[in-house]
Amino acid sequence: MYLVNFWLKMFDFKSNIGVFEFWIPLIFYHFAFYAIGFLPETLMTIAIYIYFGGYLIALISSGVRRLHDLNFSGLWMIAFFIPGLNAILAIMLLLPSDFMGAIVDAGSTKPKE
């Protein structure tokens with residue numbers, strides 16, 4: 001289901017997405033991209049343009065949804081295109097969903113009920 005939702009929610013930039021919902025399709029489709037290399041040259045060129053165009057949009061939208069799940073702004077996806085900052089972004093996307101909530105709770109002086 002993760003692989004299907006990756007494409008179905010391609011233009012959804014407002015909802016949230018979990019760690020596995022983000023990383024499983026990302027890894028799967030990364031390796032699927034290498035399979036295109038076994039196609040004949042002309043067909044491979046066309047397939048790369050179509051695949052990469054759609055994949056890039058789906059990747060950005062799922063990254064924005066993943067950042068929303070972490071309570072970060074979706075504008076952090078701009079770091080995806082900046083060398084060096086994209087490594088920081090990848091680490092951010094690996095964080096568990098309740099990471100920021102755990103930091104806020106740890107800094108709270110209010111006793112838990």
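User: At what angle do helix α2 and helix α3 pack, and how far apart are their axes?

Analyst: Two packed helices are described by the angle between their axes and by the distance between the axes. In this predicted model, α2 (residues 19-35) and α3 (residues 41-69) pack at an angle of about 165° with their axes 11 Å apart. Angles over 145 degrees count as roughly antiparallel, so α2 is roughly antiparallel to α3. The crossing of α2 past α3 is left-handed.

User: Which residues of α2 and α3 meet?

Analyst: From α2 come Val 19, Phe 22, Leu 26, Tyr 29, His 30, Ala 32 and Phe 33; from α3 come Ile 48, Tyr 51, Tyr 55, Leu 59, Ser 62, Gly 63 and Arg 66. By class, this contact has ten nonpolar, three polar and one charged.

User: How do α2 and α4 cross?

Analyst: The axes of α2 and α4 (residues 85-94) come within 9 Å and cross at roughly 125°. The two helices are therefore oblique to each other. Val 19, Phe 22 and Trp 23 of α2 touch Ala 90, Leu 93 and Leu 94 of α4. The residues of that contact are six nonpolar, no polar and no charged.

User: What lines the largest pocket?

Analyst: Rolling a probe the size of a water molecule over the atoms shows where empty space is left. Here the largest pocket has a volume of about 210 Å³. Its lining includes Leu 26, Tyr 29, His 30, Tyr 51, Tyr 55, Leu 59 and Phe 80. The elements that give two or more residues to this lining are α2 and α3. The lining has ten nonpolar, one polar and no charged residues.

How values were computed:
Residues are numbered from 1 along each chain as its sequence is written. This is a predicted model: local features need pLDDT of at least 70, side-chain atom pairs count only at pLDDT 80 or more; totals for chains, interfaces and linings use all residues. Side-chain values use heavy atoms; hydrogens and water are left out. Axes are lines fitted to C-alpha atoms, for helices over the stretch in contact, and angles run from 0 to 180 degrees between N-to-C directions. Helices (H or I, at least four residues) and strands (E, at least two) are DSSP runs, numbered from the N terminus. Angles under 35 degrees count as roughly parallel, over 145 as roughly antiparallel, 65 to 115 as roughly perpendicular and the rest as oblique. A crossing is left-handed if the near helix is turned anticlockwise from the far one by less than a right angle, and right-handed if clockwise. Contact means heavy atoms within 4.5 Å. Ala, Val, Leu, Ile, Met, Phe, Trp, Tyr, Cys and Pro count as nonpolar, Asp, Glu, Lys and Arg as charged, and the others, Gly among them, as polar. On a 1 Å grid over the protein atoms alone, a cavity is a set of points where a 1.4 Å probe fits but cannot get out, and a pocket is an open set with protein on both sides within 12 Å along at least five of seven lines; lining residues have an atom within 4 Å of a point. Grid points are joined across faces, edges and corners, and a volume is the space filled by probe spheres set on the points.
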